[in-house]
Amino acid sequence: MIRPRSLLEAAHAGAGLAVSAGLVRPMGPATVGRMIGAGLRHQASASALLGLAAAQWPDRPCVIDDDGVSTCAEVYRRTGRLAGALRARGVLRGSKVGVMCRNHVGFVVASFAALWADADLVLLNTDFGPTQLGDVIRGQGIDVLVHDEEFAERLTGIDVDAYVADAGGASSIRSLESEGRRPPATGGSHGRLVIMTSGTTGSPKGSRRDADLLGALAPVSSLLRGIGLRSGAPVLIAPPIFHGFGLAYLLMSMSLGCPVVLTRRFDPPDVLRRIARDRVEIVFAVPVMIARLLAVPADVRGSSDLSSLRAVQSGAAPLPPDLATRFMDAFGEVLHDVYGSTESGWSTLASSQDLRDAPGTVGRPLRGVSIRVLGPDDRSVAADEVGAIFVSSGMTEPIYTGGGGKRVVDDHVSTGDLGHLDGAGRLFIDGREDDMIVSGGENVFPGEVEDVLDSHPDVDEVYVHGVVDSEFGQRLRAEVVLRDDTEVSAQDIKDFVRERLARFKVPRDVEFVEALERTATGKVRRVR
């Protein structure tokens, strides 16, 4: 139940969001009529986002992908036809539709069609192998799967009704759309959105999104103001949109009528060319992508006109302080960092000034978000003292679809991270709760060592973790990727850390590797 104060706060946030995002503007009677029609058809369902976008900006680009431009009206028509075809094949409320696609317009059409048909939408990681894919399809009870053609071989032996999203043929969504089925009425009901957690240290879990939409208005409004996103501004979403980070910005951008630039695979020089070609104003990326954009040679970077770029929003993984500084030195004061998780939604935002003034911070809580750093007794700890991070907002969802969930203390959901707040109220992440190691009686956070090694001029990437040690209980191991044409010894790495951190934080083991193993969302696949 929403309290009156919450309704007033939500109304204030909603009004602020409309004004700051440029949604308040004169509209002709035809546009108003189309919007009313879309509202009556879709009511409170997720497909209303597409309906309202098509009503307001029918000829505006909705998705710009590797295959071309799709307008808002075109995407809406395709989605409605596919939703009708799915309904005719028995997809109803309670059904589950899985989508396993890279970033392109077919992902958008299939996902919104599933929700328009009132089914639950389950977004699947494109990294899933055959065994893991089968386990997730059975575990989540998926009835229909929409996938890219390249993943067809992974379905061998899996009993599921499957359709291809990015090719033609009888078993494609294009074939279903061509049947000309009447788009179904939603009746105000809509299915749930299930996002699979990253599974960097174990099996992925489904986090359902039943969060309070009114409660989410304040943090969303605060975030939009922070990065300066306005209606109609072209955006480029680099991370996979099956992940919460990319998906959230897709939904936000579509609701504002922002043309969304998507690419199936991340190629740094190509991304820079797309920014110039489509006059992109906001780029959403994960830290490894930011590092690879920075690694593009200066002459190649300079050949693209990046004058339209106003913000680069990092998230979904830790942003090394040294990387943030070097990126801002090269691209200007455009970098922002957002902290959150699949279970907690957006929580904090760091501006470029924050990243300059307090290297390593993930910023201050967004409006409508409460952050608590708790000790072992579940009481708040003092400033600069490390504890477990808990978040409360209208975006939190602690329950997993398969049962279980995150710990909750006084309506605050655990993020699974350890961190601290400084005297100015800025949050810092010190590591994952299950990453901290005890070596010879000393607590060590691998992330602190990673931040130091990230500043080494010859280190490209690094991953630090604990391994079992017969003498000390645990010891640190550093996996290091060197920059091209550099020669560094293991002792050089140890000495670099020893000069900057306490002796017990120096890695006992240093292993040089060609590359770190990462998930499709850019996170390092962590050792347990």
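The conversation below takes several descriptions of this predicted model and sets each against its criterion.

Biologist: What makes H15 roughly perpendicular to H16?

Modeller: Helix H15, residues 446-454, packs against helix H16, residues 490-498, at an angle of about 110°, and their axes are 10 Å apart. Angles from 65 to 115 degrees count as roughly perpendicular, so H15 is described as roughly perpendicular to H16.

Biologist: How do you know which residues of H15 and H16 meet?

Modeller: Contact requires heavy atoms within 4.5 Å, and by that criterion Val449, Val452 and Leu453 in H15 meet Ile493, Phe496 and Val497 in H16.

Biologist: Why is the contact of H15 with H16 called nonpolar?

Modeller: Val, Leu, Ile and Phe are among the residue types that count as nonpolar, and the residues of this contact divide into 6 nonpolar, no polar and no charged.

Biologist: What makes E23 and E25 the edges of their sheet?

Modeller: The sheet is an open one of 3 strands in the order E23-E24-E25, with mixed pairing. Strand E23 (459-469) and strand E25 (509-512) each have a single partner strand, so one side of each is left without a neighbour in the sheet. Neighbouring strands here are turned by 25° against each other on average, direction ignored.

Biologist: How do you know that E24 and E25 pair?

Modeller: Pairing calls for at least two bridges, and 4 bridges join strand E24, residues 473-482, to E25, the two running parallel. H16 lies across E23, E24 and E25, and runs at about 125° to E25.

Biologist: What makes E15 and E20 a pair?

Modeller: The criterion is at least two bridges, and strand E15 (residues 361-365) is joined to strand E20 (residues 427-432) by 2 bridges, in an antiparallel arrangement. Threonine 361 stands opposite phenylalanine 428 in E20. Strand E19, residues 412-421, also pairs with E20 in the antiparallel sense, over 5 bridges, and there glycine 419 stands opposite isoleucine 429.

Biologist: What is found between the strands in the hairpin of E19 and E20?

Modeller: The hairpin has 5 residues between its strands, and glycine 425 takes a positive phi near 85°.

Biologist: How many of the residues are called buried, as a percentage?

Modeller: Buried stands for under 20% relative accessible area, and 53% of the 528 residues in the protein are buried. The protein exposes about 22200 Å², of which carbon and sulfur atoms supply 50%.

Note on methods. Residues numbered from 1 in each chain as written. Predicted model: local features only at pLDDT ≥ 70, side-chain atom pairs only at ≥ 80, totals over all residues. Heavy atoms only, no water. Axes fitted to C-alpha atoms, helices over the stretch in contact; angles between N-to-C directions. Parallel < 35°, antiparallel > 145°, perpendicular 65-115°, else oblique. Buried < 20%, exposed > 50% of the residue type's maximum accessible area, 1.4 Å probe, protein only. Areas by Shrake-Rupley, 256 points an atom, 1.4 Å probe, with all protein chains shown as cover.
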